[in-house]
Amino acid sequence: MRATIYILLFFTLGLLLSWQGLLPGHLLKNDYSVYALYLLMFLVGISIGADSSAFKVIKQVKLKILLVPLATIVGTFLGMILIMPFLAEISFTDLQAIGAGYGYYSLSSIIIAEMRTETLAVIALIANVIREIITLILTPILAKKAGKLAPVNSAGATSMDTTLPVITRYVGKEYAIISVFHGTVLTILVPVIVSLFLEMA
Amino acid sequence: MVAVLVIMTAGALLGYFLRKQPKIVMINDKLIMLAVFGLLFLMGVAIGSNPTIIQKLPVLGAQALLIAVVGIAGSVVAGSVVYYFFFREKY
């Protein structure tokens, strides 16, 4: 959660500084972000490759563990279809791209900013931050009322790090393994699925 | 998407070979945070200089809230189906 606060502080700081006109003009035309984005993805790749522990659980829990991230992907997809009529100005594929952040607000909004408009990136950033916050708040209720997987599915990609402590506390240690696995799979898939949807349009 | 896949796979392969070098892995994680801080700062800068977005922020926020709630709801429903049929008793 502390990392989330820092990230949002940096975002807000940049927003306020430029809104007040306190930044030099050349910073405002940032065309170097594609390379920064590629570098970030490379670094995320290294981090995933170096931590392969999440994938050892497939042997212990069997293949059905793959159903957990699949449920999050399919459930989010169907949810986006449901609200399409209410968000007429956002295209189907753009809406799916925002949903496919699965709470991983930094990477997904950076990709959307690069490939689409800043407006869409702002929606993606806020939507995915809210997904993390709601999960943190609702985990106790979800675990009780909707089954032990519910907080994991709600957390999306964050179930491996920021929301993991809360989830573990309310669903028990045996589901912590599933939570880490789920988050890792989605973290890998976020940039892939987000860019896939953006390239479809 | 192909570029994303190639770049991340290349990173993952390198990461796999570096997995027994905790120092490098730690530095890598710090670099990720730095990159994210920097990129989000720049995004803030770009958005702050865009008066249209600032003006529309309440609407965008409401749309984002709807997206978040429905994304969670869909995931939880799909997840509880999986839980009911595959995890309830055995795991």
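**Chain B and the largest pocket**

Chain B holds three helices and zero strands. Its order along the sequence is α-α-α. The model is a predicted one.

Start with the overall dimensions. The radius of gyration of chain B is 20 Å, whereas a compact globule of 91 residues would have one near 12 Å. Along the principal axes, the C-alpha atoms of chain B occupy a box of roughly 50 × 40 × 25 Å.

Next, the surface. Of the 91 residues in chain B, 45% are buried. Buried here means under 20% relative accessible area, with the protein chains as the only cover. The accessible surface of chain B is about 5000 Å². Carbon and sulfur atoms account for 75% of that surface.

Which elements supply the lining? In chain A, α1 (2–19), α3 (33–50), α7 (105–115) and α11 (173–200) each give at least two residues. In chain B, α2 (22–48) also gives at least two. The helix that gives the most is α2(B), with six residues of the lining.

By class, 13 residues are nonpolar, eight are polar and six are charged.

Notes
Residues are numbered from 1 along each chain as its sequence is written. Chains are lettered from A and ligands numbered from 1 in the order in which they are written. This is a predicted model: local features need pLDDT of at least 70, side-chain atom pairs count only at pLDDT 80 or more; totals for chains, interfaces and linings use all residues. Side-chain values use heavy atoms; hydrogens and water are left out. Helices (H or I, at least four residues) and strands (E, at least two) are DSSP runs, numbered from the N terminus. The radius of gyration is taken over C-alpha atoms; the globule rule is 2.2 Å times the number of residues to the power 0.38. Buried means under 20% relative accessible area, exposed over 50%, partly exposed in between (1.4 Å probe, protein chains only). Accessible areas come from the Shrake-Rupley method with a 1.4 Å probe; for residues, only the protein chains shown count as cover. Ala, Val, Leu, Ile, Met, Phe, Trp, Tyr, Cys and Pro count as nonpolar, Asp, Glu, Lys and Arg as charged, and the others, Gly among them, as polar.
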